[in-house]
Amino acid sequence: MNEKGNIMEGGCHCRAIRFKVVGDPFWIGACYCVDCRKISGSPYTVFAGYKSENVEILTGTPKEYASSEKVRRSFCEKCSSPFAYTYVETSSEIGKLFIPVGVFDDPSKLAPKKHVWVEQKLPWVHIENKCMTVNLFAAGVIIRKDGKFLMVQEAKPDVYGLWNWPAGHLEPNESAEVGAKREVKEETGFDVELECEIGLWPRDDEPNNPTQRKKLFLGKIVGGELAVQKGELLDVRWFTEEEIRAMKDKLRSCWVLEGFDALSKFGLDK
Ligand SMILES: [Zn+2]
Ligand SMILES: [Zn+2]
C-alpha cells in the first residue's frame with residue numbers, strides 16, 4: 001500500500017469490517033441506477049473510487065454478491081452495511097474499488113462531482129448542483145510578461161472594438177487545455193504553455209445558465225511571434241493591469257477583471 005497522502009478510515013455499522021484508504025479518490029460520483037437503488041434501499045448512492053492498492057481492509061472479511069455479470073458488491077455479513085463494488089477480471093475496470101461514501105467515518109469532504117445513470121433517476125430526485133454536469137464551451141488564457149498582459153481586440157460586429165483575453169470556442173470533443181492553446185496560437189501567433197487553471201465563468205450571453213461554462217487558464221509564452229488574426233481581430237496588444245482596469249466598458253467579458261481578482265486570490269504574483 002502506498003502510504004503517501006491523506007488517510008481516511010471507515011467501516012460497517014457493527015464495526016466487524018474496518019478499512020482505510022490512502023490519498024484522494026480518483027472519482028466521486030452519484031449513481032442513480034436501479035441496482036444501486038435496490039442494494040442500498042436509497043434513491044441513489046454516492047461512491048468514491050480508489051485503486052485497490054490504495055485500500056486496505058483492517059479487520060473483517062466482506063461477503064461478495066454478484067449484482068450483475070461484471071460487478072461484485074461486498075457487504076458485512078453481520079450488519080449488512082455495504083463495503084464496495086468492484087469489477088470482475090474480464091472488465092477493463094478491474095483493480096478499482098468504489099466505496100459508498102456513507103461508510104467512511106467522515107464523508108463530509110466526499111461530495112459527488114459526477115452523476116451517472118441519470119436516465120434511471122427517480123423523478124423526485126433533483127440534482128442540485130448543475131455545475132457538476134457543465135458543458136465547457138470556450139477557453140481562454142491570461143498571458144503575462146514583464147508586468148503586462150496580452151489582450152485581443154474583437155472585430156466581430158456584436159463585440160466590435162472590445163478587448164478580451166485570447167480565447168475562443170472549443171471544437172467538438174476538444175479539451176479546454178488544447179482549445180485554449182489553439183485559440184492563443186490562432187489569435188496572437190504565440191505558442192503558450194498553461195501554468196494553471198484560474199476558474200470557470202458563465203457565458204456572457206447566458207449568465208444565468210448554470211450548465212454553460214468557459215474556463216480560464218494562466219499561461220506563458222514559449223514560442224511563436226506576435227501575429228494578429230486578420231478579419232477576426234482588430235489588434236493584439238500588451239497592457240498593464242491598471243490600463244486594463246481603466247478600460248471598463250471596453251472589455252468584452254466580466255472574466256477579464258474577475259480573472260485578475262482570481263489571480264490575487266490564488267496568491268499568484270502578477
Ligand atoms: Zn458489520
Ligand atoms: Zn448504480
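Predicted model: local features only at pLDDT ≥ 70, side-chain atom pairs only at ≥ 80, totals over all residues.
Residues are numbered from 1 along each chain as its sequence is written, while chains are lettered from A and ligands numbered from 1 in the order in which they are written.

### Overall form

The protein has four helices and 17 strands. Both are DSSP runs numbered from the N terminus: helices are H or I with at least four residues, strands are E with at least two. Some values for the protein follow.

| Property | Value |
|---|---|
| Radius of gyration | 24 Å |
| Box filled by C-alpha atoms, along the principal axes | roughly 70 × 40 × 35 Å |

The radius of gyration is taken over C-alpha atoms, and the globule rule is 2.2 Å times the number of residues to the power 0.38.

Of the 270 residues, 29% count as buried. A residue is buried if 20 or more other C-beta atoms lie within 10 Å of its own, exposed if 12 or fewer, and partly exposed in between; C-beta atoms are placed from the backbone. Two residues are in contact if these C-beta atoms lie within 7 Å. Among contacts between residues at least 6 apart in sequence, 62% join residues at least 24 apart.

### The cores

A nonpolar core is a set of buried Ala, Val, Leu, Ile, Met, Phe, Trp, Tyr and Cys residues joined through C-beta atoms within 7 Å. The largest one has 28 residues, and Val141 and Ile142 have the most contacts inside it. Elements that give two or more residues to this core include β11 (135–145), α2 (176–188) and β15 (190–202). β11 gives the most, with five residues. Another core lies apart from this one; it has 24 residues, among them Cys31, Phe47, Leu97 and Val101.

Leaving aside neighbours within four places in sequence, Val141 is in contact with residues including Trp165, Ala180, Val192 and Phe217.

### Gln153

Gln153 lies in strand β12 (residues 148–154). Gln153 counts as partly exposed because it has 18 C-beta neighbours inside 10 Å. Not counting residues up to four places away in sequence, Gln153 touches Gly161, Trp163, Leu233, Leu234 and Asp235. Val88 is 65 residues from Gln153 along the chain, and their C-alpha atoms are separated by 55 Å.
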